[in-house]
Amino acid sequence: MNGHSDSLLQVRGLKKHFAARGLLSLLSVRTWVRAVDGISFYVRPGETFSLVGESGCGKTTTAKLLLLLEQPTAGNIYFDGQDINQLKGSELRRYRSLVQAVFQDPWSSLNPRMRASSIIAEPLVVNHKPPKQEVQRRVEQLLMDVGLEPAAAANYPHEFSGGQRQRVAVARALALNPRLIVLDEPVSALDVSIRAQIMNLLRDLQRKYGMSYFLIAHNLATVRYLSHQVAVMYLGLIVEQATSEELFTKPLHPYTKALISAALPTQPGVQQERILLSGEVPSATHPPSGCRFHTRCPFVFDRCAVEAPQLRELAPGHTVACHLY
Amino acid sequence: MGDTLILQVRDLKTYFFTKRGVGKAVDGVSFDLRRGETLGLVGESGCGKSMTCLSVMRLHPGPAARILSGQVLLHGEELLQKTEKEMRKLRGKHIAMILQDPMTALNPVFTIGNQLAEPLRIHQKLRGHRLLQRAIELLRMLQIPAAESRLKSFPHQFSGGMRQRAVSSIALSCDPEVIVADEPTTSLDVTIQAAFLELLKEIQRRSNLAILFVTHDFGVVARMCDRVAVMYAGKIIETADTQRLFSTPAHPYTEALLKSVPEVNVQIDRLYTIEGQPPSIYDLPAGCPFAPRCPYVEDRCRQEFPPVKQVANSHTVSCWRHV
Ligand SMILES: Nc1ncnc2c1ncn2[C@@H]1O[C@H](COP(=O)(O)OP(=O)(O)OP(=O)(O)O)[C@@H](O)[C@H]1O
Ligand SMILES: Nc1ncnc2c1ncn2[C@@H]1O[C@H](COP(=O)(O)OP(=O)(O)O)[C@@H](O)[C@H]1O
Ligand code: SF4
Ligand code: SF4
Ligand SMILES: [Mg+2]
Ligand SMILES: [Mg+2]
């Protein structure tokens, strides 16, 4: 296996196609939703790798593949050099404990009938069956790590605010000392003033414990704040990837530029190059020919509709799929 | 013409009466809206933005929600004294609302064309060919492609962005003077949102529309609004011109909010945070509702709600620091 020896997680040529429901499948015409259509990337230890892109482009599907909640149609995911879809027995259990997740909705992701202490301790108890006292000590430590009072252990989810619930979800994800945490829109359901609290918490925990994050967010400012590497996805494909700094200061792909220009500056009167896109996001069932972005791209030319651009490295560590370059 | 007052809201109070007690959802809200102007109403979830809009439209969810007092003047006419029948005549024609979730605003069993035709038939008495022409014109104005054939589509056959434009075309159909838009783009993707906002501004420029624009996104405020009113726990705590609010916020909450929002074009090392969370409307603290989280809190803040003070031209704030 080639690749980057310093990576924790490597994804190569990953695809996930779903059989489409709806009218056509009733007529037994086989159509596929090409949710993820051949993506490759790697995540380094202690770093945050982020996927950005609009609704339906395949971000959550990618996360589910990493979490073994879906089987890939093609491609491989390697963790510590091992293909995660080949893992069995104790190695599979080890993977499941080293890779944890925090989801968007802190209202539905926690079991309403369990106290915070049991929610947080559950992965620990299931995996290691430690003595009661040790569990209690660990829960206290975890609550402290996420900025909650030890007394919060006795509360049920409905007794917490949205931000506090997300803290409980983070504590649970930390319980087994994971090396990777998948964060699917961890702050987008939270209020503005609470969002900053959770973003700082995530950043502090990474600095303290050195785990990697696989972050999904549609808010680019959130991504910029937390990420080391960023990949931009459009209709199942990565169209641009670079370090966070490079991507936000020197975006090259027209779609990335449009996304950044749409992520309005929070100051009035700050003028910047605006790239407005016309048209709707095409369906992942019938992605456009050639460059999938060509139906909305302001720079489209002849070649774009016929030939799919390949990802090319235009600067060290900065790859782009666009015929302009 | 650009400076004529069209909507005035004075000391509006809408409370919830439930098993939990009395919830002060809207607790003495006042603002003015002028022709051709966009006033942003910003604040965190639950602070009372939607209830303010619904109360102005007289669409608040009764019987639990009751408007206790205040005035809502449209062209100087008091809306709170009108009967439901009189309100129905006004809604759509003079003042219309765009809801946050376009799916709840549209009826799934009727075509877009049907839903668009209804207000045109009622308010503008259009029939037949002229009705059809106007409906097509409206969809075109909102840049819905293939407008003629789209009239026969059902809401679920539209994408999110198209639904929001369909809802907006219905709201704009009878040329209202005021649009109340409650987070109209929150459910949209960013590139679709950007296009929608441009379109709305364009329509506003053409028809001198006044817009009350609810959002919790300061980026959207920066792009859309002429003036901003910041809400916290049922009250407007600061109002200013957009530029002024961003450059010199006067209220500690506004200041803290602006500092805690990360920006896409700057890399920062640490986000500023406001500790704690907004109070429950069923259990508001005495005095200033921001006091439990405020870094500048003093004794009198906990005793009495600060009066509204003008700190500059068209810049008002409710905070004891400015009294
Ligand atoms: N189980 C499934 N069966 C069929 N199609 C699916 C399934 N799960 C996802 N899809 C489709 O795959 C595509 C990618 O979905 P995914 O959930 O990964 O998007 P996303 O990027 O996470 O979007 P969002 O930002 O809205 O969360 C979409 O077109 C979606 O409708
Ligand atoms: N139908 C209802 N019954 C009881 N309380 C409600 C209802 N709708 C809203 N509220 C309460 O009224 C307050 C203001 O709500 P809302 O105006 O919807 O806030 P915003 O739009 O600013 O998020 C909130 O505390 C909310 O919980
Ligand atoms: S390949 Fe062509 S259509 Fe695609 S992004 Fe580049 S210029 Fe636009
Ligand atoms: S009145 Fe007092 S507590 Fe309220 S915002 Fe002003 S200084 Fe802070
Ligand atoms: Mg998703
Ligand atoms: Mg609301």
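**Entry 1: ligand 1**

I started at ligand 1 and found a backbone N or O atom of A:Cys57 at 3.3 Å from one of the ligand's oxygen atoms. Before going further, a reminder to myself that this is a predicted model.

Next I looked at side chains. In A:Ser55, a side-chain N or O atom sits 2.5 Å from an oxygen atom of ligand 1. For A:Thr60, I noted a polar side-chain atom 2.6 Å from an oxygen atom of ligand 1. I then asked how much of ligand 1 the protein buries. On its own the ligand exposes 640 Å², and the protein buries 67% of that.

Which elements of chain A give two or more residues to this shell? They are β2 (32-43) and α2 (59-66). I also wrote down that α2(A) gives the most, with three residues.

There are 11 residues around ligand 1, and those that come nearest are A:Ser55, A:Gly56, A:Lys59, A:Thr60 and A:Thr61. Sorting the shell by class, I get four nonpolar, five polar and two charged residues.

**Entry 2: ligand 2**

Then I moved over to chain B. The residues around ligand 2 include B:Phe16, B:Ala25, B:Ile281 and B:Tyr282, and also B:Glu44, B:Ser45, B:Gly46, B:Cys47, B:Gly48, B:Lys49, B:Ser50 and B:Met51.

I looked up three of them for their distances to oxygen atoms of the ligand. B:Gly46 places a backbone N or O atom 2.7 Å from an oxygen atom of ligand 2. At B:Cys47, a polar backbone atom is 3.3 Å from a ligand 2 oxygen. B:Ser50 uses its side chain, with an N or O atom 2.7 Å from an oxygen atom of ligand 2. As for cover, ligand 2 has 560 Å² of accessible area on its own, of which the protein covers 66%.

Which helix gives the most to this shell? I found that it is α1 (residues 49-57) of chain B, with three residues. By class, the shell around ligand 2 has six nonpolar, four polar and two charged residues.

**Entry 3: where the chains meet**

Now for the two chains together. I noted 42 residues of chain A in contact with 42 residues of chain B. Between them the chains bury about 3700 Å², and 54% of it is on carbon and sulfur atoms.

How many salt bridges are there between chain A and chain B? The count is three. I looked up the one in which the side chains of A:Arg207 and B:Asp269 meet, with N to O at 3.7 Å.

On the side of chain A that touches chain B, α7 (192-209), α8 (220-226), α9 (244-249) and α10 (254-262) each supply at least two residues. The largest share, 10 residues, comes from α7(A). The classes on this side of chain A are 19 nonpolar, 13 polar and 10 charged residues.

**Entry 4: two backbone details**

Last, I stopped at two spots in the backbone. B:Gly62 and B:Pro63 are joined by a cis peptide bond, with omega about 0 degrees. I traced B:Pro63 to the loop between α1 and β4 (65-74) of chain B.

Where does A:Lys129 lie? I found A:Lys129 in the loop between α4 (116-128) and α5 (132-145) of chain A.

Key. Residues numbered from 1 in each chain as written. Chains lettered and ligands numbered in written order. Predicted model: local features only at pLDDT ≥ 70, side-chain atom pairs only at ≥ 80, totals over all residues. Heavy atoms only, no water. Near = heavy atom within 4 Å. Polar contact = N/O pair within 3.5 Å; in protein donor to acceptor, adjacent residues only side chain to side chain. Areas by Shrake-Rupley, 256 points an atom, 1.4 Å probe, with all protein chains shown as cover. Helix = DSSP H or I, 4+ residues; strand = E, 2+ residues; numbered from the N terminus. Nonpolar A, V, L, I, M, F, W, Y, C, P; charged D, E, K, R; others polar. Contact = heavy atoms within 4.5 Å. Buried area = accessible area lost by both parts, 1.4 Å probe. Salt bridge = Lys/Arg side-chain N within 4 Å of Asp/Glu carboxyl O.
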